[in-house]
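The following exercises are to be worked with the sequence and the model at hand. Each task is followed by a solution in steps.

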Amino acid sequence: MSSGKQGQERSFWDTKTQQFHGGQDWKMCGDRFVEDFSVTTNGLGTPVKALEAAADSLKTCDHYPPADQEPARSSLAQFLWPDTHDRNHGRLILGNGASELIDLVIRQAPGETWKPGPWSVQYKEYERSAKTSGRRILEASTEERASLVCLVNPCNPTGDYLTWEEVVAWIRQHALPGAVVIVDESMQLWHSPGFREDSLASHPDLASTLLAEDGLQLYVIHSWTKIWSCTGLRLGSVVTPSAQHTQALRRVQVPWSVNTPALAFLDAVVRDTEYMNQTWELTPVWRVQLIDRLVDLSSRLPGPAWEMHGKPFLSWVWVDVKEESLADRLVHLAREAGVPVRSGRPGYEQPTFVRVAVRESGKVDHLIQAWESLLN
Ligand SMILES: Cc1ncc(COP(=O)(O)O)c(C=O)c1O
């Protein structure tokens, strides 16, 4: 196995045909594996009751999953809209991870141009899908409006965040009349028990107003694989502008794309309020502790101080260590010690950055120990 800069891509991804993503290195660690700091999954681990429900459902794997994705779809609707789920249920579709739905919405969207959100870099699947569907890629900073606009809020990996009013203002400024607009709120779930107030999906008439006044079709994407730490199960959803848009999307979706264990998991996990309460309570505490350890380590190393990026509620820290060779070394040392982190180099092309997931302090000890070898 090459440990060079591009070693990860050679091993796991065919970068001629696939977009590089992290989350693969843990396999390489073998017996040395301790904890995966390279993915933005919930530091609490997979919710136990939901995992049991998924495992139990395997006994029925000789049957097809329900074609209407029920009762999991209704359960998720109740989670997203506790008071108005009946009204919004028809706007919801589940997918095999958000990735399936990102591609599904983009492939059926009309128009020629694509534009990302206002950040220096954002989660890459939107761009990949826009490119493979033949679109012209616009820089976020250009004034030209696009026929397809995709904004990741909060932004993975930078940790930037806009309020819902700011998002709407940005959309109105950057989307052409008639454009498809996708807002990815996967990481907003960490915000607080009040996350719904910040969600574009929760503002009752927003999608219909944008459609009527600006001709904009608003799709809100959620990946559920990070907040509930189930990346291997594959679970995502999209809230479409209207029931008619849902029908149009369902017409082009592969049947049974969400499998039986994933549906059983979802149906159970939305009821695990204790898990969510713990998430909102512990993640910001662990994040502060992690940042303290990183700042301390940086102060003991020669070279410029590291910069920590991202909102306090998020499940990761986007760390600018200021030097490419140092970032590469940190990635290598972490992998060797069984605590992989995400390099900012492949995919994101931010070679002085590493992304470190928020984990409890006992696990962070292993990472800091691995990096303290740089002091010798
Ligand atoms: C912002 C964001 N959206 C969507 C996804 C895709 O998630 P999945 O396909 O696992 O649901 C990710 C994965 O990292 C992500 O970070």
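**Exercise 1: The pocket lining**

Helix H5 contributes 3 residues to the lining of the largest pocket, the largest share. The model is predicted: local features require pLDDT of at least 70, side-chain atom pairs count only at pLDDT 80 or more, and totals for chains, interfaces and linings use all residues. Residues are numbered from 1 along each chain as its sequence is written, and side-chain values use heavy atoms, with hydrogens and water left out.

Task: State which helices each supply at least two residues of the lining, and describe the largest pocket.

Solution. 
1. The helices are H5 (98-107) and H6 (125-132); helices are DSSP runs (H or I, at least four residues), numbered from the N terminus.
2. The lining comprises 42 residues, and Gly22, Val39, Thr225, Lys226 and Thr231 lie nearest the centre of the pocket. A pocket is an open set of points on a 1 Å grid over the protein atoms alone where a 1.4 Å probe fits, with protein on both sides within 12 Å along at least five of seven lines; lining residues have an atom within 4 Å of a point.
3. By class, the lining holds 12 nonpolar, 19 polar and 11 charged residues. Gly counts as polar, and Asp, Glu, Lys and Arg count as charged.
4. The space in the largest pocket is about 910 Å³, a volume being the space filled by probe spheres set on the grid points.

**Exercise 2: The ligand**

Task: Determine where the ligand sits and which residues are closest to the ligand.

Solution. 
1. The ligand sits in the largest pocket (more than half of its atoms lie within 2 Å of the grid points).
2. Around the ligand are 14 residues, the closest being Ala98, Ser99, Asp184, Ser223 and Arg234 (a heavy atom within 4 Å).
3. This shell has 5 nonpolar, 6 polar and 3 charged residues.
4. A ligand oxygen lies 2.7 Å from a polar backbone atom of Ala98.
5. The ligand alone exposes 400 Å², of which the protein buries 92% (Shrake-Rupley method, 1.4 Å probe).

**Exercise 3: Backbone geometry in loops**

Task: Locate the cis peptide bond that joins Glu70 and Pro71, and the positive phi of Lys322.

Solution. 
1. The bond between Glu70 and Pro71 has omega of about 5°, and Pro71 is in the loop between helix H2 (48-57) and helix H3 (72-80).
2. Lys322, with phi near 75°, is in the loop between strand E9 (316-320) and helix H13 (324-336); strands are DSSP runs (E, at least two residues).

Technical notes
A polar contact is a pair of N or O atoms within 3.5 Å; within protein, one must be able to donate a hydrogen and the other to accept it, and residues adjacent in sequence count only if both atoms are side-chain atoms.
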